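Open your viewer and get ready to click along.

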Amino acid sequence: ESGIGQGDPGTRVPNPIEPEHRARVFGSIAAGLAVVLLAIAGLWATGNFNADVVVNAISVLSLAVPVCYFIVMLRSRKITAQERGRVVAFIPLFVAMVIFWFVEEQQSGVMAQYADQQTALDAWGFHIDPTLAQTINPVIMLIVAPFVAILWTKLRRQPNTPQKFSIGLVLTGLGFAVLFVPWYLDGPTALVNPIWPLLSLAVIAIGELFVNPVSLSATTQLAPAAFAAQVVGLNYAADAAGQGLIAQFSKLYTAETSGVYFAVIGIAVVLLGIGLWFYAPVVHRRMIGEQ
C-alpha cells in the first residue's frame, strides 16, 4: 500500500486542500477559465483576435501568475514569520532567474537571427551553417562544467548561492553586451566576424553554470513547508516569465539597432548582478535560517 521505495513521503500529501476550501479553489479556477473564454469570444466577435493579441496575453500571464502566487504565499496563514522572511528573500533571486532566462533564451531567437543575417559566415575560408550557433551552449557546458565543479570542491571559501547568482548575471550581461563592440567599430550594416557571436554565446553559457544548477537548490531552501511543491513550480515559471519578456523586447531588435539592443540589455543585467551581490548576505542569512 505504501508503494515500492516510497515510504511515508511518497504516500502522504503534506499540504492537502481542506475539504471546506476545495469548492472555493475549483470555483476560482472555473471563474478564471470562464473569463479567458469570454475574452477570446469577445475578441473573436469584434475581429480583434490575432497572433499579436495571443502573444501579448501570454506575456502578461507569464508575469502576472508568479506575482499573484507570491502575494498568495505572503498573505497565507499557513506560513510562519520566518518562512515569510524567506519568501521575501526569494523574490530577488526569482527576479534574477527571470532576467537570466530573458537573456539566455534569446539564443534561439534574436541570437539565431544575428548569426544568420549579421555574421560573415564565410569569414574563415569555409561556409558556416548559422544553425551551428545553437550548439555552442551545450559544447561550452560539456567543456567548462567539470572545471566549475572542481572549483567549487577545491575552494576553501566558495561564494554562497546568491553570490553565484550574481556572478552568473554579470557574466550573462557581459556576454550580451559584447556584441555592441563590432556594431560600434564596423557599423550596423557590416557583417561581423564569427568570433563575436561565438564569444557572446560562450560567456552566456558560462554564466548559466553559475545560475541554473543552483536555482532549484535555492528554491527548495527558501520555500515554505506548506508551499514547497508550488515554489519549485515558480522556479520553472521564471523561465516562462523570461520568455514572456522576450516576446515583447525582441520587437525592438533590428540589424540597425542591434548594438544598442545588446548594450542596453547587457549593461542592465550586469548592474542587476552587481546589486544582487550586495544583497546576497541578506538572502544567505534567510537560507540558513537566520533573520
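## Stop 1: a residue to start from

Select Ser-200, which lies in helix H9. A helix here is a DSSP run of H or I with at least four residues, a strand is a run of E with at least two, and both are numbered from the N terminus. Before you go on, note that this is a predicted model, in which local features need pLDDT of at least 70, side-chain atom pairs count only at pLDDT 80 or more, and totals for chains, interfaces and linings use all residues. Residues are numbered from 1 along each chain as its sequence is written, and side-chain values use heavy atoms, with hydrogens and water left out.

Is Ser-200 buried or exposed? Ser-200 counts as buried because its relative accessibility is 0%. Buried means under 20% relative accessible area, exposed means over 50%, and partly exposed is in between, using a 1.4 Å probe and protein chains only.

Now show what surrounds Ser-200. Leaving aside neighbours within four places in sequence, Ser-200 is in contact with Met-111, Gly-175, Phe-176, Val-178 and Leu-179. Contact means heavy atoms within 4.5 Å.

## Stop 2

Trp-196 has a relative accessible area of 22%, so it is partly exposed. Apart from neighbours within four places in sequence, Trp-196 is in contact with Val-178, Leu-179, Val-181 and Pro-182.

Ile-195 counts as partly exposed because its relative accessibility is 41%. From C-alpha to C-alpha, Ile-195 and Thr-119 are 9.3 Å apart, although 76 residues separate them in sequence.

## Stop 3: H7 beside H9

Colour helix H7 (residues 161-177) and helix H9 (residues 195-222): they pack at an angle of about 155°, and their axes are 8 Å apart. The angle makes H7 roughly antiparallel to H9. Axes are lines fitted to C-alpha atoms, for helices over the stretch in contact, and angles run from 0 to 180 degrees between N-to-C directions. Angles under 35 degrees count as roughly parallel, over 145 as roughly antiparallel, 65 to 115 as roughly perpendicular, and the rest as oblique.

What is the handedness of the crossing of H7 and H9? This crossing is left-handed. A crossing is left-handed if the near helix is turned anticlockwise from the far one by less than a right angle, and right-handed if clockwise.

Show side chains where the two helices touch. The H7 residues there include Phe-165, Gly-168, Leu-169 and Thr-172, and among those they meet in H9 are Val-203, Ile-204, Gly-207 and Val-211. By class, the contact of H7 with H9 has 12 nonpolar, 7 polar and 2 charged residues. Ala, Val, Leu, Ile, Met, Phe, Trp, Tyr, Cys and Pro count as nonpolar, Asp, Glu, Lys and Arg as charged, and the others, Gly among them, as polar.

Zoom in on Thr-161, found in helix H7. With 16% relative accessibility, Thr-161 counts as buried. Leaving aside neighbours within four places in sequence, Thr-161 is in contact with Val-214, Ala-218 and Met-287.

## Stop 4: H6 meets H9

The contact of H6 with H9 has 14 nonpolar, 1 polar and 1 charged residues.

## Stop 5: H4 and H11

Switch to helix H4 (residues 81-104) and helix H11 (residues 258-287), which pack at about 155° with axes 10 Å apart. That makes H4 roughly antiparallel to H11. The crossing of H4 and H11 is left-handed.

## Last stop: the whole chain

Zoom out. How many helices are there in the chain? The chain has 11 helices and 0 strands. Of its 291 residues, 38% count as buried.
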